[in-house]
Amino acid sequence: MNTATVGLAAGMALGFAGYFGGFWAFLLVAVLGAAGLVLGLVLQGDVDLFSRRQR
C-alpha cells in the first residue's frame, strides 16, 4: 500500500467513527491511530526513540 491509500483509509475510518459514534469515538480512533502509526514507525526502524532520549 502506498501512503495515499493508507491516508485515504485512515480518513474514511475517522469519518465513519465521527458520523456513527460521535465525537468521542472519533477521538478514540484518532488517538489509537496515532499510537499505531508511532509503533509502526518504531518497528520499521524509521524512528529511534532511544537516540532521542539521550540528548
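## Helices around the largest pocket

In this predicted model, the lining of the largest pocket draws at least two residues from helix 1 (3-21) and at least two from helix 2 (23-44). Helix 2 is the main contributor, giving 5 residues to that lining.

The volume of the largest pocket is about 190 Å³. Its lining is made up of Val-6, Ala-10, Ala-13, Leu-14, Val-29, Ala-30, Gly-33, Ala-34 and Leu-37.

Sorted by class, 8 of the residues that line the largest pocket are nonpolar and 1 is polar.

## Fold of the chain

The chain has 3 helices and 0 strands. Their order along the sequence is α-α-α. The radius of gyration of the chain is 14 Å, whereas the globule rule gives 10 Å for 55 residues, so the chain is more spread out than a compact globule.

The extent of the C-alpha trace along the principal axes of the chain is about 45 × 25 × 15 Å.

## Surface and burial

How much of the chain counts as buried? The figure is 2% of the 55 residues, where buried means under 20% relative accessible area.

The chain has an accessible surface of about 4,800 Å². Carbon and sulfur atoms account for 70% of that surface.

Methods: Residues numbered from 1 in each chain as written. Predicted model: local features only at pLDDT ≥ 70, side-chain atom pairs only at ≥ 80, totals over all residues. Heavy atoms only, no water. 1 Å grid on protein atoms, 1.4 Å probe; cavity = no way out; pocket = protein on both sides within 12 Å on 5 of 7 lines; lining within 4 Å. Points joined across faces, edges and corners; volume = space filled by probe spheres on them. Helix = DSSP H or I, 4+ residues; strand = E, 2+ residues; numbered from the N terminus. Nonpolar A, V, L, I, M, F, W, Y, C, P; charged D, E, K, R; others polar. Rg over C-alpha atoms; globule rule 2.2 N^0.38 Å. Buried < 20%, exposed > 50% of the residue type's maximum accessible area, 1.4 Å probe, protein only. Areas by Shrake-Rupley, 256 points an atom, 1.4 Å probe, with all protein chains shown as cover.
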